[in-house]
Amino acid sequence: MANNTARAAKLADRIKVVVAETLKTRIKDPRLGFVTITDARITGDLREATVFYTVFGDETERSESAAALESAKGILRSEVGRQTGVKFTPTLAFVADAIPEGAKQIDELLARAAAADAKVHEVAKEAKYAGDADPYRAPRAAEDEDEEDAGDE
């Protein structure tokens, strides 16, 4: 079983490289924008591969690039079959990767936390102690002890 999993992982990595190279060299669709292949996963039976991609640009460029990838699916699949040499060439499914949206959300949360932190620091600059500046008892001075010893005698 471990051997089959390792084989699937190696094939998925190879599919990722083949699809990226083929998009760069052979596919000349003008709808295809700045597409980056981020990952590829394949089922355990090696029949279906999912290729994750990102597109640099706005929503129209993303949708046009998705349409270009769908139309180039046959060429990409035949190239994957030719370069991998597997008995059955897996079908390809293209999925837009959610990593950029997740990273954008994390950046917004970090910016919000930094702004809240700056506000706390501003408030702390003008803050005053609730009690004394030194809330701990100071040790007695040597003179106080001498007076108490003299009074006990």
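Student: How many helices and strands does the protein chain have?
Tutor: This is a predicted model, and its protein chain has five helices and three strands.

Student: What pattern do they follow along the sequence?
Tutor: Reading along the sequence, you get α-β-β-α-α-β-α-α.

Student: And what share of the residues is buried?
Tutor: Of the 153 residues in the chain, 23% are buried. The accessible surface comes to about 11500 Å², and carbon and sulfur atoms account for 54% of that.

Student: OK, the largest nonpolar core. Which residues touch the most other members?
Tutor: That core has 25 residues, and the ones touching the most other members are Ile-15, Val-19, Leu-23, Ile-42, Leu-76, Leu-92 and Phe-94.

Student: Which elements give two or more residues to this core?
Tutor: Helix H1 (2-25), strand E1 (34-42), strand E2 (48-56), H2, H3 and strand E3 (91-96). The largest share, seven residues, comes from H1. As a general point, nonpolar side chains in soluble globular proteins tend to be buried together.

Student: Let me pick Leu-92. What is it in contact with, leaving aside neighbours within four places?
Tutor: Leu-92 contacts Ile-15, Val-19, Ala-49, Val-51, Lys-73, Leu-76, Arg-77 and Val-80. Across the whole chain, residues 24 or more positions apart make up 61% of the contacts with a separation of 6 or more.

Student: Switching to H2. Which residues are buried there?
Tutor: Ser-65, Ala-68 and Leu-69 are buried in H2. Looking down the axis of H2, the buried residues fall within an arc of 100°, so they line one face of the helix.

Student: Why would that spacing work?
Tutor: An α-helix has 3.6 residues a turn, so residues three or four places apart point the same way.

Student: How far apart are the end C-alpha atoms of H2?
Tutor: They are 19 Å apart. The 13 residues of helix H2 (residues 59-71) should span 18 Å at 1.5 Å a residue, so the two values agree.

Student: Now Glu-79. Buried or exposed?
Tutor: Glu-79 is buried: its relative accessible area is 5%, and the cut-off for buried is under 20%. Glu-79 lies in helix H3 (residues 73-84).

Student: Which side chains does Glu-79 make polar contacts with?
Tutor: The Glu-79 side chain has a polar contact of 2.4 Å with the side chain of Arg-82, and another of 2.7 Å with that of Gln-83.

Student: And beyond its neighbours within four places, what is Glu-79 in contact with?
Tutor: Val-18, Thr-22 and Arg-26. Glu-79 and Ile-15 are 64 residues apart in sequence, and their C-alpha atoms are 9.4 Å apart in space.

Conventions: Residues are numbered from 1 along each chain as its sequence is written. This is a predicted model: local features need pLDDT of at least 70, side-chain atom pairs count only at pLDDT 80 or more; totals for chains, interfaces and linings use all residues. Side-chain values use heavy atoms; hydrogens and water are left out. Helices (H or I, at least four residues) and strands (E, at least two) are DSSP runs, numbered from the N terminus. Buried means under 20% relative accessible area, exposed over 50%, partly exposed in between (1.4 Å probe, protein chains only). Contact means heavy atoms within 4.5 Å. A polar contact is a pair of N or O atoms within 3.5 Å; within protein, one must be able to donate a hydrogen and the other to accept it, and residues adjacent in sequence count only if both atoms are side-chain atoms. Accessible areas come from the Shrake-Rupley method with a 1.4 Å probe; for residues, only the protein chains shown count as cover. The expected span of a helix is 1.5 Å times one less than its number of residues. The arc is that of the directions from the helix axis to the C-beta atoms. A nonpolar core is a set of buried Ala, Val, Leu, Ile, Met, Phe, Trp, Tyr and Cys residues joined through side-chain atoms within 4.5 Å.
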